[in-house]
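Please examine the sequence and the model before reading on.

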Amino acid sequence: MSLFLEVVPVSEAIEAVRRIAPPTGCEDVPLEDALHRVLARDVCADIDIPGFDRSTVDGYAVAAAETTGAGEAIPAMLQCRGRVGMGSADAGSVSRGSCKYVPTGGALPEGADAVVMIEHAEQIGDDVLVHRPVAPGENVVFRGEDFRAGKVVLERGRVLSPRDIGVAAAVGADRVSVVTAPRIGIISTGNELVPVAGAPGPGEVRDANSYLAGAFVTERGCHPVYFGIVRDERAVLERAVSSALDRCDAVLVSGGSSKDERDNTAAVIADLGEVLVHGIALAPGKPTIIGTARGKPVIGLPGHPASAFVVLVAIVDHLLAAMRETSVSRRTIRARLTQNVPSTRGREDYIRVSVRDGEATPVFGKSGLLNTLVQSEGLVRIPASSEGFEVSEEVEVILW
Ligand code: AMP
Ligand code: MG
């Protein structure tokens with residue numbers, strides 16, 4: 001076995017994780033549990049929304065033609081025939097020369113096709129003086145104008161946002177069919193690792209990666225399943241990966257992903273299945289492993305939390321999206337670099353940057369420093385074909 005990693009381009013690594021992503025099926029869940037889940041079936045409007053012509057303002061329901069030519073000097077005068085009650089099935093009607101008060105959201109009476117805003121009218125006893133004309137349809141939402149019965153409102157594959165949940169509720173979807181949330185096993189390896197609750201002794205560090213990876217997969221609508229800290233021993237790691245495979249749809253192992261004699265992850269994946277990629281032309285994040293075992297993806301992440309996070313963003317995100325039958329969605333902004341950022345051709349570099357007032361400042365730190373993760377707002381990706389970006393160049397920042 002070679003002492004060096006045989007790196008593949010990032011694009012190839014992404015293709016590999018997409019290829020091995022197992023489908024996870026779908027399930028029906030109550031709407032209140034559907035946030036961040038991926039729709040497995042379209043949500044359609046069960047009825048016309050709104051179900052009746054309704055006013056968008058507080059005012060007087062009228063036949064628009066009755067207000068033609070109305071102005072401050074010569075108002076149109078109409079007789080008020082009472083009020084429309086909210087939620088009432090019968091809004092009544094307006095005939096020639098009359099109007100009816102209607103609150104916002106109230107049903108339009110028969111014979112009316114517009115609403116005069118209360119600010120543009122004056123009521124004196126039963127008479128209403130209209131100071132401005134309205135056009136047919138003004139201040140009215142017509143039946144079915146929002147969504148027609150049977151029409152697709154939310155398409156399958158969509159990751160449900162709080163806005164989507166509200167709209168689904170309005171069209172009667174009290175349960176929705178969503179892609180089953182993949183269960184992602186999380187293992188940290190390293191003899192130096194201790195649980196976060198304890199104080200690390202000399203040479204020891206706290207296990208940050210279990211939490212980092214767990215939070216990352218949770219944010220992407222997956223269930224993390226924690227298998228704790230495993231020592232750098234092949235047999236022990238093999239048992240841990242094996243039990244993670246029993247219970248999960250994919251496994252993330254952090255640490256031990258390179259080719260040091262203590263690094264067991266690749267050997268363990270090879271024992272249980274197959275290593276497809278060992279080394280990605282990515283910085284940070286080169287010592288990354290992509291493999292499968294029992295038909296499930298097993299990913300080896302580098303141990304440095306900052307490197308592990310870049311691999312989660314650049315590679316694992318695509319695996320999780322493929323397993324959830326959706327695409328990676330990223331929030332990005334454009335910003336100008338405040339300094340030159342050199343890069344090596346042939347390798348995709350991810351530079352942490354802080355962003356202020358449209359300017360992106362690289363947060364360079366010694367490799368392994370955690371503070372760069374909290375002092376930055378996102379990553380600038382420098383493609384493998386580039387030798388870097390120059391000061392003042394506009395770049396895309398992938399926000400964390
Ligand atoms: P490795 O990839 O195992 O060579 O680890 C690289 C560096 O990351 C070492 O300094 C490890 O101590 C550190 N490291 C590995 N795993 C973790 C973890 N779960 N949490 C925090 N640091 C880690
Ligand atoms: Mg290690």
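**Ligand 1 and the protein chain**

Q: How far does a backbone N or O atom of alanine 208 lie from a nitrogen atom of ligand 1?
A: This is a predicted model, in which local features need pLDDT of at least 70, side-chain atom pairs count only at pLDDT 80 or more, and totals for chains, interfaces and linings use all residues. Residues are numbered from 1 along each chain as its sequence is written, chains are lettered from A and ligands numbered from 1 in the order in which they are written, and side-chain values use heavy atoms, without hydrogens and water. A polar contact here is a pair of N or O atoms within 3.5 Å. For the backbone N or O atom of alanine 208 and the nitrogen atom of ligand 1, the distance is 2.9 Å.

Q: Which residue places a polar side-chain atom 3.5 Å from a nitrogen atom of ligand 1?
A: Glycine 303 uses a backbone N or O atom, 2.9 Å from an oxygen atom of the ligand. The residue with a polar side-chain atom 3.5 Å from a ligand nitrogen is serine 188.

Q: How much of the accessible area of ligand 1 does the protein cover?
A: Accessible areas come from the Shrake-Rupley method with a 1.4 Å probe. On its own, ligand 1 has 480 Å² of such area. The protein covers 75%.

Q: What distance separates the centres of domain 3 and domain 4?
A: Domain bounds come from an automatic or database domain assignment. Domain 3 spans 54–141 and domain 4 spans 332–399. Taken over C-alpha atoms, their centres are separated by 58 Å.

Q: Where is proline 284 placed?
A: The peptide bond from alanine 283 to proline 284 is cis, with omega near -5 degrees. Proline 284 lies in the loop between β19 (282–283) and β20 (289–293).

Conventions: A polar contact is a pair of N or O atoms within 3.5 Å; within protein, one must be able to donate a hydrogen and the other to accept it, and residues adjacent in sequence count only if both atoms are side-chain atoms. Helices (H or I, at least four residues) and strands (E, at least two) are DSSP runs, numbered from the N terminus.
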